[in-house]
4 protein chains.
Amino acid sequence: MTSIPKNLAKTLDKLIASQQGLYREGKVADYIPALATVSPELMAISVATLDGKLVGAGDIQAPFSIQSISKVFGLVMAMNRLGDSLWQRVRMEPSGQPFNSIIQLEWEKGIPRNPVINAGALLVADVLASHYSSSKLAFLSFMRHLANDENIYIDQNVYQSELIHGNRNAALTYLMKSFGNIEAEVPEVLSHYFTQCSISMNCHQLAQSLLFLANKGVDPRTNEQICTRQDSHRINAILSTSGMYDQSGEFAFSVGLPAKSGVGGGIIAIIPNYGVICSWSPPLNKFGNSVVGMNLISGFANELGLSIY
Amino acid sequence: MTSIPKNLAKTLDKLIASQQGLYREGKVADYIPALATVSPELMAISVATLDGKLVGAGDIQAPFSIQSISKVFGLVMAMNRLGDSLWQRVRMEPSGQPFNSIIQLEWEKGIPRNPVINAGALLVADVLASHYSSSKLAFLSFMRHLANDENIYIDQNVYQSELIHGNRNAALTYLMKSFGNIEAEVPEVLSHYFTQCSISMNCHQLAQSLLFLANKGVDPRTNEQICTRQDSHRINAILSTSGMYDQSGEFAFSVGLPAKSGVGGGIIAIIPNYGVICSWSPPLNKFGNSVVGMNLISGFANELGLSIY
Amino acid sequence: MTSIPKNLAKTLDKLIASQQGLYREGKVADYIPALATVSPELMAISVATLDGKLVGAGDIQAPFSIQSISKVFGLVMAMNRLGDSLWQRVRMEPSGQPFNSIIQLEWEKGIPRNPVINAGALLVADVLASHYSSSKLAFLSFMRHLANDENIYIDQNVYQSELIHGNRNAALTYLMKSFGNIEAEVPEVLSHYFTQCSISMNCHQLAQSLLFLANKGVDPRTNEQICTRQDSHRINAILSTSGMYDQSGEFAFSVGLPAKSGVGGGIIAIIPNYGVICSWSPPLNKFGNSVVGMNLISGFANELGLSIY
Amino acid sequence: MTSIPKNLAKTLDKLIASQQGLYREGKVADYIPALATVSPELMAISVATLDGKLVGAGDIQAPFSIQSISKVFGLVMAMNRLGDSLWQRVRMEPSGQPFNSIIQLEWEKGIPRNPVINAGALLVADVLASHYSSSKLAFLSFMRHLANDENIYIDQNVYQSELIHGNRNAALTYLMKSFGNIEAEVPEVLSHYFTQCSISMNCHQLAQSLLFLANKGVDPRTNEQICTRQDSHRINAILSTSGMYDQSGEFAFSVGLPAKSGVGGGIIAIIPNYGVICSWSPPLNKFGNSVVGMNLISGFANELGLSIY
């Protein structure tokens with residue numbers, strides 16, 4: 001699909017340099033205090049390739065709250081655990097609504113539109129909480145395994161903040177439970193969900209952890225099959241239509257890569273058969289996507305002509 | 001992306017054979033009498049490739065009403081005419097609503113979610129009606145030019161039927177006009193829209209006409225630049241997130257190709273850098289997509305491993 | 001229910017005096033030029049009683065556009081014409097939505113919530129247009145008969161303005177037609193509707209014309225039965241729950257009388273077994289109700305303790 | 001407003017006799033087991049008048065779960081406690097939506113449409129839970145005081161059932177809390193709400209307890225001012241527009257009395273300046289209102305010509 005640039009590091013350095021000061025166009029998430037205190041000036045981009053390169057620029061070692069990027073990993077675990085029966089409880093359609101809207105969930109009788117909006121990720125959290133004896137530990141282990149780093153941790157400060165400000169997610173989960181689509185107790189589901197959102201990782205770790213999605217389900221570093229080839233295509237399809245909140249269409253239109261963002265300011269994008277990009281900059285646009293993070297990824301994608309379309 | 005099968009014709013013949021009788025799982029569109037009279041047993045599949053192959057099976061010479069597939073061609077014309085200012089009047093996000101829903105249009109103050117739901121296509125029709133002295137003739141000429149066939153025609157029977165049963169499209173257009181997002185007179189917009197929906201073509205013609213979208217905007221038969229390379233990516237992105245009505249996500253998930261269907265039973269799918277598939281079978285599923293048509297395309301795509309994801 | 005104040009005229013004069021300058025809190029309807037040009041300082045209040053009194057204060061002779069107040073008269077005509085079968089095509093429930101919302105109409109499959117929101121009044125207009133050879137003439141005759149004044153007229157300037165700016169009403173009507181709930185041609189329905197909205201009357205005329213609703217269907221001046229006793233109760237019930245747009249509940253809460261307002265600035269309120277109040281002042285609040293008009297009616301109702309609750 | 005029939009008891013007996021077997025047209029609420037076990041054949045009607053009559057027919061001594069009828073009493077307590085500042089947290093408009101819809105609450109940013117839909121009653125429960133040291137005891141005391149009966153009790157079986165099946169009410173409350181419109185902890189609010197819904201009373205007790213609403217706020221038995229005269233009007237206004245779920249308009253249209261129903265099968269109706277009717281029969285229609293209960297009240301109201309309109 002693409003030729004690897006001769007000097008990847010230089011390309012990334014130039015991209016970072018081009019974004020100086022642009023973080024001011026966004027606003028750091030402030031719905032929880034723990035996120036609001038992050039420095040808005042930090043930024044980073046990492047690229048991991050199937051042939052083993054790992055290159056970055058900016059604050060690539062700084063850990064940040066992965067937030068909704070965790071939805072991708074939760075989905076992989078749930079697909080592995082439930083198989084296709086998962087799709088009786090959550091659809092795979094774009095939502096056409098702000099990511100946390102409760103209206104659509106009511107219309108569609110408690111069946112979330114897809115697993116990467118909040119309702120769908122809470123449904124996935126229920127699957128994990130119901131099918132693992134300790135789903136939080138299982139999730140953390142999965143992340144440490146993929147990143148090959150036992151130091152990956154749950155930010156307890158973020159977790160506590162999420163719990164206190166999690167009323168809308170509680171409303172979504174209770175509504176699904178009223179439709180019979182939640183098996184575990186709601187507080188348990190929320191606790192799992194906020195735990196996975198509260199994991200801290202850096203760009204290098206995230207980029208490497210997702211290489212299997214660019215490689216038909218196989219981690220190229222270990223040849224381990226993380227998910228089936230088919231599920232790898234499917235997850236990329238979902239990320240393409242729905243990964244960037246209510247800006248997913250525009251992102252497909254202008255960048256054309258499967259991607260997922262989080263309100264911690266991180267964005268990951270899959271380049272099938274090539275590798276993974278991870279960018280990070282805390283200030284968000286009105287859709288909840290990192291302003292500079294999107295610039296970095298679209299800049300890289302456009303320079304290399306990476307659109308899958 | 002894919003290796004061309006040695007015997008494409010044989011592959012298509014087998015696919016057609018595998019679908020015998022399955023048309024009974026769908027229902028021919030009956031909202032207008034002119035569509036309801038088509039034989040449900042007809043079916044066809046054509047594949048046109050960038051290197052000049054054109055292979056098909058089934059009723060490949062039978063013309064059918066292209067209906068919503070016309071939205072792709074209208075969009076190309078409007079993008080060429082207006083440039084990026086088009087996107088101030090229509091968004092590029094998936095809709096998450098049935099294709100003809102008026103609710104979303106009200107919420108979003110008369111700005112359609114994307115140009116391939118009905119509201120968006122009516123907006124595009126307004127652009128054409130406002131910017132061409134005779135938009136219907138211009139559209140027909142464009143179709144004849146792309147298909148390289150001066151015999152392509154407007155089915156007047158279908159057109160009259162559409163006009164009589166077009167009350168919901170009239171409601172959508174008047175609602176947009178009430179928000180100031182329609183320039184021409186509403187009857188003129190509707191007349192253009194129903195005209196382009198009423199064009200009859202066969203699978204061979206449609207597959208060949210869209211080769212430019214698989215080839216970065218360039219028609220490989222003539223080397224003519226039909227749209228810009230960027231717009232070619234963009235259109236494929238929109239078709240990927242929104243081309244199959246409220247089954248677009250599932251289609252991306254299971255097939256993974258930019259595609260557009262019409263209630264006449266036709267479906268086109270773009271295989272970037274390879275070619276175009278067009279299938280046809282009148283009976284539709286509950287989402288408005290051809291049952292057998294989807295089977296034919298997904299069968300072909302899966303056999304060749306064509307997913308873009 | 002109430003004792004008639006000894007000096008009704010003095011009470012009304014004081015009320016008018018108390019409202020000097022308060023029109024500045026509202027804004028004259030400007031969606032059509034013909035309404036926007038009315039002087040905001042005009043105001044009037046009239047009270048007609050069952051025992052033949054007719055008292056007023058302010059600009060009681062100035063005609064104004066009755067607009068949505070016409071919905072009451074149209075409803076009477078349609079109830080008389082269709083009988084209870086009318087209620088198969090329109091409900092009698094409060095809408096809980098802004099008066100011209102198209103969303104609810106879509107949800108409820110083209111059945112308007114009640115006959116005094118726009119969709120319902122357009123449905124009533126369809127009944128009249130379908131059942132009278134000349135519904136506009138019939139409507140005008142009915143109004144002249146009730147007001148006992150052959151000079152009541154249709155303001156052609158307002159009518160033309162309504163037609164030009166009637167796109168949302170067109171959208172509502174086409175949507176109902178798409179659900180099979182409109183019999184006449186849409187332009188004919190709209191033409192009738194805009195005609196009845198464009199009638200000009202003054203406060204004295206309106207107050208007297210509605211005396212039958214305070215008197216169990218019988219016009220006390222002529223003993224003519226204008227509608228059945230039951231329908232008189234029913235219309236008052238609908239006006240009580242739905243007559244003041246999305247402020248109907250608050251009006252019931254604070255005033256407690258069946259009432260109907262129009263964007264021309266007029267309001268009528270029925271005092272069962274006593275009489276009718278009509279107030280007028282063009283500037284509207286955000287709900288579309290006359291600011292001063294509401295003050296005048298609530299002032300009068302509270303002074304006399306008129307709440308029906 | 002009405003003349004008291006000479007033989008009230010005989011009228012009620014005849015009404016009860018007329019309803020034999022009609023309970024079969026409804027369905028006993030089965031969303032909680034504790035309600036589903038009530039005999040569908042039970043029915044009763046009581047009438048209490050301002051001048052001290054108390055007449056009934058049928059199973060007038062049988063206690064039933066008052067359910068949503070408790071919303072009226074909770075509202076009185078909250079209005080007394082907060083005064084007009086209550087109306088900054090809940091509106092007084094009809095909802096136009098099924099009684100437990102979450103969609104409207106989302107649209108209106110966590111402000112319920114009125115205090116007698118579920119969301120509004122949960123808001124009122126929050127007011128009580130936040131302003132009383134023991135709101136449940138206070139509520140029970142209020143009910144015993146009004147009914148002048150210390151034996152009125154909370155059905156613990158119903159209460160436990162409500163708690164277990166209260167997920168939708170939990171969703172509504174968490175959603176309001178996410179908008180900042182709930183002060184107490186959500187479980188505390190729910191516990192209060194389910195407690196007040198679980199009170200058991202019979203028709204005689206309910207009819208007598210609400211006499212103050214027919215008498216400008218004053219209990220005619222004791223001359224105690226239970227609420228202000230103005231609030232008495234206001235509550236009757238809210239019950240008139242919104243007391244019978246999504247059948248409120250039809251009830252106003254056909255009966256014309258302020259009323260409130262509960263899914264336990266009870267209905268109370270206020271006859272201003274005359275008295276209170278309470279009917280009971282467990283089987284409900286599709287709107288959640290007792291089929292026979294409505295027949296009994298409309299039969300009584302029509303016979304006596306009681307409509308307030």
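Visitor: How much area do chain A and chain B bury between them?
Guide: This is a predicted model, so every value here is computed from it. The contact between these chains takes 33 residues from chain A and 33 residues from chain B. Carbon and sulfur atoms carry 64% of the area. In total, chain A and chain B bury about 2,700 Å².

Visitor: Which residues of chain A lose the most area to chain B?
Guide: Look on the chain A side of this contact for three residues. Together they make up 29% of what that side buries. They are Met92(A), Phe253(A) and Tyr309(A).

Visitor: How many salt bridges are counted between chain A and chain B?
Guide: Side chains of opposite charge can pair when their charged atoms come close. One salt bridge joins Arg91(B) to Asp246(A), with the closest N and O atoms 3.7 Å apart; that lies within the 4 Å cut-off. Between chain A and chain B the count is 4 salt bridges.

Visitor: How many residue pairs are in polar contact across the interface of chain A and chain B, and which helix gives the largest share of chain A's side?
Guide: The rule finds 12 residue pairs in polar contact there, both residues being at pLDDT 80 or more. On chain A's side, α4 (103–107), α11 (229–242) and α12 (248–254) each supply at least two residues. The largest share, 7 residues, comes from α11(A).

Visitor: How many residues does chain A give to its contact with chain D, and how do they divide by class?
Guide: Chain A and chain D bury about 1,300 Å², with carbon and sulfur atoms giving 68% of that area. Each of the two chains brings 14 residues to the contact. On the side of chain A, these divide into 8 nonpolar, 3 polar and 3 charged.

Visitor: Which residue of chain D forms a salt bridge with Glu106(A)?
Guide: Across the interface of chain A and chain D, the rule finds 2 salt bridges. In the one with Glu106(A), the closest N and O atoms are 2.9 Å apart. The partner is Arg168(D).

Visitor: Which helices hold Glu106(D) and Arg168(A)?
Guide: The side chains of Glu106(D) and Arg168(A) meet in a salt bridge, at 2.9 Å from N to O. This pair crosses between chains. Glu106(D) sits in helix α4 (residues 103–107) of chain D, and Arg168(A) in helix α8 of chain A.

Visitor: Why do β3 and β4 of chain A each have one side left without a neighbour in the sheet?
Guide: In chain A, 3 strands form an open sheet in the order β3-β5-β4, with antiparallel pairing. β3 (64–65) and β4 (153–154) stand at the edges, so one side of each has no neighbour. The reason is that each has a single partner strand.

Visitor: Which residue is the bridge partner of Phe64(A) in β5(A)?
Guide: β3(A) pairs in the antiparallel sense with strand β5 (residues 199–201) of chain A. The two are joined over 2 bridges. In β5(A), the partner of Phe64(A) is Met201(A).

Visitor: Which residue takes a positive phi in the hairpin of β1(A) and β2(A)?
Guide: Strand β1 (residues 44–49) and strand β2 (residues 54–58) of chain A run antiparallel and are joined by 5 bridges. The hairpin has 4 residues between the strands, and the residue with a positive phi, near 95 degrees, is Gly52(A).

Visitor: What is the average twist in the open sheet of 5 strands in chain D?
Guide: That sheet has the order β2-β1-β10-β9-β8, with antiparallel pairing. β2 (54–58) and β8 (259–261) of chain D stand at its edges, each with a single partner strand. From one strand to the next, the twist averages 10 degrees.

Visitor: Which residue in β10(D) stands opposite Ile267(D)?
Guide: Strand β9 (residues 266–271) and strand β10 (residues 275–280) of chain D pair in the antiparallel sense. They do this over 6 bridges. Opposite Ile267(D) stands Ser279(D).

Notes. Residues are numbered from 1 along each chain as its sequence is written. Chains are lettered from A and ligands numbered from 1 in the order in which they are written. This is a predicted model: local features need pLDDT of at least 70, side-chain atom pairs count only at pLDDT 80 or more; totals for chains, interfaces and linings use all residues. Side-chain values use heavy atoms; hydrogens and water are left out. Two strands pair if DSSP finds at least two bridges between them. Contact means heavy atoms within 4.5 Å. Buried area is the accessible area (1.4 Å probe) that two parts lose on being put together, summed over both. A polar contact is a pair of N or O atoms within 3.5 Å; within protein, one must be able to donate a hydrogen and the other to accept it, and residues adjacent in sequence count only if both atoms are side-chain atoms. Ala, Val, Leu, Ile, Met, Phe, Trp, Tyr, Cys and Pro count as nonpolar, Asp, Glu, Lys and Arg as charged, and the others, Gly among them, as polar. Axes are lines fitted to C-alpha atoms, for helices over the stretch in contact, and angles run from 0 to 180 degrees between N-to-C directions.
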